[in-house]
Amino acid sequence: MSLTRWAPAFLSVVLALMITAASPAAGTSGGPLDGFTVTHLPDRVGTQTTPADFTYEWEDVAFTSRVWEQAKEGGGFQVVLQILVLRGDALTDLTAARAFLAHYHERDPDTWELADFDREDGDAGLYGDTEAFWAPAERVVVEVRDASGLLGQEELLATARGVLTENPA
């Protein structure tokens, strides 16, 4: 076959690979989520997990949630990872977000130990053993949860830093 027949096919494959490599989504389970893009997922979130999106409201705050679950031996399912986008008038800043999340997760705000973490976009956040959250805009909070404790803090923070702002408002 001549070079002119192979060139278009070769260029199509190269272009497809370049587009795939440039994509900010983290596989088929990442991607857009209510004004944000999930670009990093832990290795544990893979072919053995199933993602599902939910929307709901609690205490005048709207939630958009993506949850990855895996089947448990003996039956049932276990949450591996959860990413939530919260929107509400009560979420004025990081301090208000902490107070709201303490109430939502039924934590004692006086004993809930959280440390500071920074994101590449300059947003300051807080993290604990199983959660990381930040307030990228007024009335908006993003939380990454490892509620089952399967991922560890390193992957929790890598995932949190991999949630990029598209249009938080």
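Me: At 39% relative accessibility, is arginine 139 buried, partly exposed or exposed?

Reply: Buried means under 20% relative accessible area and exposed means over 50%, with partly exposed in between, so arginine 139, at 39% relative accessibility, counts as partly exposed in this predicted model. Aspartate 89, at 63% relative accessibility, counts as exposed.

Me: Which salt bridge do the side chains of aspartate 89 and arginine 139 make, and what does the pair tie together?

Reply: The general idea is that side chains of opposite charge can pair when their charged atoms come close. Here the side chains of aspartate 89 and arginine 139 meet in a salt bridge at 3.7 Å, N to O. Because aspartate 89 lies in the loop between S5 and H2, and arginine 139 in the loop between S8 and S9, the pair ties together parts that are 50 residues apart in sequence.

Me: How many salt bridges does the count come to, and which residues are linked in a network of them?

Reply: The count comes to 8 salt bridges, and Arg107, Glu131, Glu143 and Arg145 are linked in a network. Glutamate 131 is buried, with a relative accessible area of 1%, whereas arginine 107 is partly exposed, with a relative accessible area of 31%. The side chains of glutamate 143 and arginine 145 also meet in a salt bridge, at 3.6 Å, N to O, and both of these residues are buried.

Me: In what order do the strands form the open sheet, and is the pairing parallel or antiparallel?

Reply: Strands of a sheet pair through backbone hydrogen bonds, either parallel or antiparallel. In this structure 7 strands form an open sheet in the order S3-S4-S5-S9-S8-S7-S6, and the pairing is antiparallel. The edge strands are S3 (49–58) and S6, each of which pairs on one side only, and the twist averages 25° from one strand to the next.

Me: Where does serine 65 lie, and is serine 65 buried or exposed?

Reply: Serine 65 lies in strand S4 (residues 61–71) and is buried, with a relative accessible area of 1%. The side chain of serine 65 makes a polar contact with the side chain of glutamine 82, at 3.1 Å. Not counting residues up to four places away in sequence, serine 65 touches Ala52, Asp53, Phe54, Tyr56, Gln82, Ile83 and Leu84.

Me: Which strands do helices H2 and H3 lie across?

Reply: Helix H2 (residues 94–104) lies across S3, S4, S5, S7, S8 and S9, running at about 140° to S8. H3 lies across S5, S6, S7, S8 and S9, running at about 15° to S8.

Me: Which residues of H3 are buried, and why are they on the same side of H3?

Reply: The buried residues of H3 (residues 153–161) are Leu156, Leu157, Thr159 and Ala160. They cover an arc of only 160° around the axis, which puts them on the same side of H3. These buried residues pack against strands S5, S6, S7, S8 and S9, and also against strand S10 (163–165).

Key:
Residues are numbered from 1 along each chain as its sequence is written. This is a predicted model: local features need pLDDT of at least 70, side-chain atom pairs count only at pLDDT 80 or more; totals for chains, interfaces and linings use all residues. Side-chain values use heavy atoms; hydrogens and water are left out. Buried means under 20% relative accessible area, exposed over 50%, partly exposed in between (1.4 Å probe, protein chains only). Helices (H or I, at least four residues) and strands (E, at least two) are DSSP runs, numbered from the N terminus. The arc is that of the directions from the helix axis to the C-beta atoms. Contact means heavy atoms within 4.5 Å. A polar contact is a pair of N or O atoms within 3.5 Å; within protein, one must be able to donate a hydrogen and the other to accept it, and residues adjacent in sequence count only if both atoms are side-chain atoms. Two strands pair if DSSP finds at least two bridges between them. Axes are lines fitted to C-alpha atoms, for helices over the stretch in contact, and angles run from 0 to 180 degrees between N-to-C directions. A salt bridge is a side-chain nitrogen of Lys or Arg within 4 Å of a carboxyl oxygen of Asp or Glu.
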